[in-house]
Amino acid sequence: MPSNYDRIGGARVLTAVVEDHYRRVLADPTLAHFFTDVDLVRVQRRQVEFFAAVLGGPVRYTGSPMRRVHRGLGITRRHFERVVYHLTESLAAARVPADLTAVILAALAPLAGDIVDRRVTRGTPRGSGSRIWVWSSVFGSTA
Ligand code: HEM
């Protein structure tokens with residue numbers, strides 16, 4: 001039986017989806033600032049690996065754990081939902097079947113706990129969130 005990775009069209013389709021996704025994210029004024037100083041080539045390559053692994057592909061994710069990558073960036077639940085929204089649009093644009101889209105979205109939902117910064121409740125510019133995180137990690141705040 002073909003894996004979900006094969007069904008989606010393997011690395012070729014995943015790469016196209018991730019590229020389209022980043023075009024949408026960078027065109028979104030509520031999200032673009034997160035990526036100003038980021039090596040987008042590296043991030044997109046790792047995103048492709050991440051989704052390939054989620055879909056049972058013969059690919060190992062070589063990036064850092066989600067919590068470490070996103071820690072201190074000041075990502076709110078609203079940012080998270082917008083990123084997922086753009087991804088859903090990219091999957092639809094690539095004509096990915098609904099059941100595969102559901103597999104991907106189901107795998108992403110539980111990651112919110114690792115990606116959303118619980119110390120911010122509203123949009124915070126990249127940078128200020130990390131100061132909040134560093135402070136609370138030093139002083140052990142659980143807020
Ligand atoms: C929806 C679930 C998400 C997944 C699966 C995901 C996955 C990833 C992956 C695989 C990387 C590369 C890791 C590495 O280089 O080791 C990354 C980096 C990054 N992500 Fe996410 N991400 C998600 C949501 C978000 C959201 C909501 C934001 C902000 C609005 C965000 C902002 C970033 C930034 C700024 C980086 C680069 C960090 C750096 O290199 O300094 N991500 N993400």
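Colleague: Which helix gives the largest share of the shell around the ligand?
Modeller: Bear in mind that this is a predicted model: local features need pLDDT of at least 70, side-chain atom pairs count only at pLDDT 80 or more, and totals for chains, interfaces and linings use all residues. Residues are numbered from 1 along each chain as its sequence is written. Helices here are DSSP runs (H or I, at least four residues; strands are E, at least two), numbered from the N terminus. The largest share of the ligand shell, 5 residues, comes from helix 3.

Colleague: Which elements give two or more residues to that shell?
Modeller: In all, 22 residues surround the ligand, the closest being R46, G63, S64, H79 and V83; a residue counts as near if its C-beta atom, placed from the backbone, lies within 6 Å. The elements giving two or more of them are helix 3 (40-54), helix 4 (66-70) and helix 5 (77-93).

Colleague: How is helix 2 oriented relative to helix 3?
Modeller: Helix 2 (residues 10-26) and helix 3 pack at about 130 degrees, with axes 9 Å apart. Axes are lines fitted to C-alpha atoms, for helices over the stretch in contact, with angles from 0 to 180 degrees between N-to-C directions. Under 35 degrees counts as roughly parallel, over 145 as roughly antiparallel, 65 to 115 as roughly perpendicular and the rest as oblique. So helix 2 and helix 3 are oblique.

Colleague: Which residues of helix 3 does helix 2 meet?
Modeller: Contact takes C-beta atoms, placed from the backbone, within 7 Å. From helix 2, A11, L14, T15, V18, E19 and Y22 take part, and they meet helix 3 at L40, Q44, Q47, V48, F51 and A52.

Colleague: And how do helix 5 and helix 6 run relative to each other?
Modeller: Their axes come within 11 Å, crossing at roughly 165 degrees, where helix 6 is residues 98-108. The contact uses V84, T88 and L91 of helix 5 and T101, I104, L105 and L108 of helix 6. By class, those residues are 5 nonpolar, 2 polar and no charged. Given the angle, the two helices are therefore roughly antiparallel.

Conventions
Contact = placed C-beta atoms within 7 Å. Nonpolar A, V, L, I, M, F, W, Y, C, P; charged D, E, K, R; others polar.
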